[in-house]
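Hi everyone, thanks for making time this morning. Let me put the model up on the screen, and then we can walk through it together.

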Amino acid sequence: MASVLVVEDDQFVRSALIRQLTEASHAVRSVGTALEALREVAHIGFDVVILDLGLPDLDGAEALKMLRGITDVPVIVATARDDEAEIVRMLNDGADDYLVKPFSVAHLSARMTAVLRRSRGGAAGEPGGAAAPPAVLRVGGLAVDPLRRQAELDGVALDLTRREFDLLAYLAGRPGVVVPRRELLTEVWRQAYGDDQTIDVHLSWLRRKLGETAARPRYLHTLRGVGVKLEPPAEHA
């Protein structure tokens, strides 16, 4: 079962999605505008958002960018727009999948399952999951547990978003190695192409939670035009 937010202004489509997703044992909430969606996501932890683009108050493309500014929740765009350039733009702007109306709920459910499997990294025992629990990654005072998706700094738990954790875990698995931005986009964001600003924003949030800044880094070091590396500060070296 997944916790789903349906963002759809067409009452007929909205009602059908709510009914059929509920019958499929999902917990469903729904809104009809972009601003309502942003308010819901800011206060409730959803597993996935189904986002229409033709909203009455704000175009869904802008809503997606605003969603990505506050959360890493998986977003499936569900719309009548079938232009290939539009689809590519939405995926590059942070959508996890794109469905063109009309579609069956069985099709939507299958896409949801795939998106959730990717976002959770594939649990052990699932197809494509790890055969054994990965070890806790330690870099200086940082401890990152990929299995439990928990991270601590000097024994204090870090409150990380899904994407912040994925970024930290990926870098912690390669301590002292400069990881190219293209590799981060491919391995952490699962995008072949994207905006470097997305990485910069998440690095900024992560630095804040690690108690450092770009001007005075301790763990996270950016090499301009090259990439990012995670290494222990001098007192832990």
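Arg 111 comes out at 26% relative accessibility, so it counts as partly exposed; the classes here are buried for under 20% relative accessible area, exposed for over 50%, and partly exposed in between, with a 1.4 Å probe and protein chains only. Before I go on, a word on provenance: this is a predicted model, where local features need pLDDT of at least 70 and side-chain atom pairs count only at pLDDT 80 or more, while totals for chains, interfaces and linings use all residues. Residues are numbered from 1 along each chain as its sequence is written, and side-chain values use heavy atoms, with hydrogens and water left out.

So which residue does Arg 111 form a salt bridge with? It is Asp 97, and the closest N and O atoms are 2.8 Å apart. By salt bridge I mean a side-chain nitrogen of Lys or Arg within 4 Å of a carboxyl oxygen of Asp or Glu. Asp 97 lies in strand E5 (residues 97-100) and Arg 111 in helix H5 (residues 105-119), so the pair ties together parts that are 14 residues apart in sequence. The helices (H or I, at least four residues) and strands (E, at least two) are DSSP runs, numbered from the N terminus. Asp 97 itself is buried, at 14% relative accessibility.

By that rule the count comes to 16 salt bridges, and I'd like to show you a few others. Arg 29 pairs with Glu 40, with 2.7 Å between the closest N and O atoms. Arg 29 sits in strand E2 (residues 27-31) and Glu 40 in helix H2 (residues 34-43), so this pair links parts that are 11 residues apart in sequence. Here Arg 29 is partly exposed at 41%, whereas Glu 40 is buried at 18%.

Next, Glu 164 and Lys 209 meet in a salt bridge at 2.7 Å, N to O. Glu 164 belongs to helix H6 (residues 162-172) and Lys 209 to helix H8 (residues 196-209), so the parts they tie together are 45 residues apart in sequence. Glu 164 is buried, with a relative accessible area of 2%, and Lys 209 is partly exposed, with 32%. There is also a network of salt bridges linking Asp 59, Arg 81, Glu 86 and Arg 89.

Now for the strands. An open sheet of three strands runs in the order E10-E12-E11, with antiparallel pairing; two strands pair if DSSP finds at least two bridges between them. The edge strands are E10 (179-180) and E11 (220-223), each pairing on one side only. E10 and E12 (residues 227-230) are joined by two bridges, and Val 179 has Val 228 as its bridge partner in E12. Helix H6 packs on this sheet, touching E10, E11 and E12, where contact means heavy atoms within 4.5 Å. The direction of H6 makes about 75° with that of E12; axes are lines fitted to C-alpha atoms, for helices over the stretch in contact, and angles run from 0 to 180 degrees between N-to-C directions.

Last stop: strand E8 (residues 150-153). Which of its residues are on the covered face, and which on the uncovered one? Ala 151 and Leu 153 are on the covered face, Gln 150 and Glu 152 on the uncovered one. In a regular strand, side chains alternate between the two faces of the sheet. E8 pairs antiparallel with E7 (residues 142-145) over four bridges, and Asp 145 stands opposite Gln 150.
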